[in-house]
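Visitor: Could you walk me through a few features of this model?
Guide: Gladly; have the structure open beside you.

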Amino acid sequence: MGGTEHLTVRREGATLVLTLNRPEARNALSLAMLVGLYDGWLEADADDTVRSIVFTGAGGSFCAGMDLKALAGKGMEGEQYRDRLKADPDLHWKAMLRHHRPRKPVIAAVEGYCVAGGTEMLQGTDIRVAGESATFGLFEVRRGLFPIGGSTVRLQRQIPRTHALEMLLTGRPYSAREAAGIGLIGHVVPDGTALTKALEIAEQINSCAPLAVEAVKASVYEAAELTETEGLAAELKRGWPVFDTADAKEGARAFAEKRPPVYKRH
């Protein structure tokens, strides 16, 4: 199991938990964090015993955005990871889910600050839970910057355009309740319980047939970029093979026998 000094990886049953671990900097992005994060996405994809991913932050914050000094690998911190970035100049975008989409469902568990790069990474996740004191926002325009992590493209596809433009153009903070109201997140829970709720959702996903889950996720994202006619055709192409799997047969038997199904990913 991987990880770095700024990204911890652990298992909770069939769930891989990736935790941004730089609490003294509100989990601002560092090179060590991005390398560990990308390796974590790859680990989840490669391990068939992993059925879901929970993405969270340590110390009461999710992520306060990028740390330019740390990302440049200045000084001793991050120095050992420079070769990884040289070998794959796209690594940081893959880590931030701009240029990589994990096969497994990704559930974000947000506490505290989830701003700038934090809100940009959030848009690459599938299901989102936040503590009631969490703060969201894309602050780049206030600093003369551009939210180049994908927000000008993805945000308007995930929430109504009027809300997307307001968030992008004002650079103001949003409370968890307001973020839920515009559809950016799905659950608001008491502070300190976002991870617990995310793991509960993950366990519900883990109890389902993994091949079906992965096919459904892939179909949803594929269809978002197609016309309705194209999307329906693509859905059939992905969906019909699932009916021929052993997992589908096990699901039918378990229903008939009134017992929980036991899925083996085949």
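Guide: We will look at a surface patch, a charged residue and a sheet. This is a predicted model, in which local features need pLDDT of at least 70 and side-chain atom pairs count only at pLDDT 80 or more, while totals for chains, interfaces and linings use all residues. Residues are numbered from 1 along each chain as its sequence is written, and side-chain values use heavy atoms, leaving out hydrogens and water.

Visitor: Which residues make the nonpolar surface patch?
Guide: Patch residues have over 30% relative accessible area and no salt bridge, with nonpolar side chains joined within 5 Å and like charges within 9 Å. Here Leu 236, Trp 240 and Phe 243 form a patch of about 390 Å². Phe 243 sits in the loop between α11 (228-239) and α12 (246-257).

Visitor: Why does Phe 243 count as exposed?
Guide: Exposed means over 50% relative accessible area, buried under 20%, and partly exposed in between (1.4 Å probe, protein chains only). Phe 243 counts as exposed because its relative accessibility is 57%.

Visitor: What is the nearest side chain of opposite charge to Asp 45?
Guide: A salt bridge needs a side-chain nitrogen of Lys or Arg within 4 Å of a carboxyl oxygen of Asp or Glu. Asp 45, in helix α1 (residues 31-46), is buried without a salt bridge, and the nearest opposite charge is Arg 103, 4.3 Å away.

Visitor: What is the strand order in the open sheet?
Guide: Strands pair if DSSP finds at least two bridges between them. The order is β5-β7-β8, with mixed pairing. β5 (113-115) and β8 (174-175) each have a single partner strand, so one side of each lacks a neighbour in the sheet. Phe 136 stands opposite Tyr 174 in β8.

Methods: Accessible areas come from the Shrake-Rupley method with a 1.4 Å probe; for residues, only the protein chains shown count as cover. Helices (H or I, at least four residues) and strands (E, at least two) are DSSP runs, numbered from the N terminus. Lys and Arg count as positive and Asp and Glu as negative; His and the chain ends are not counted.
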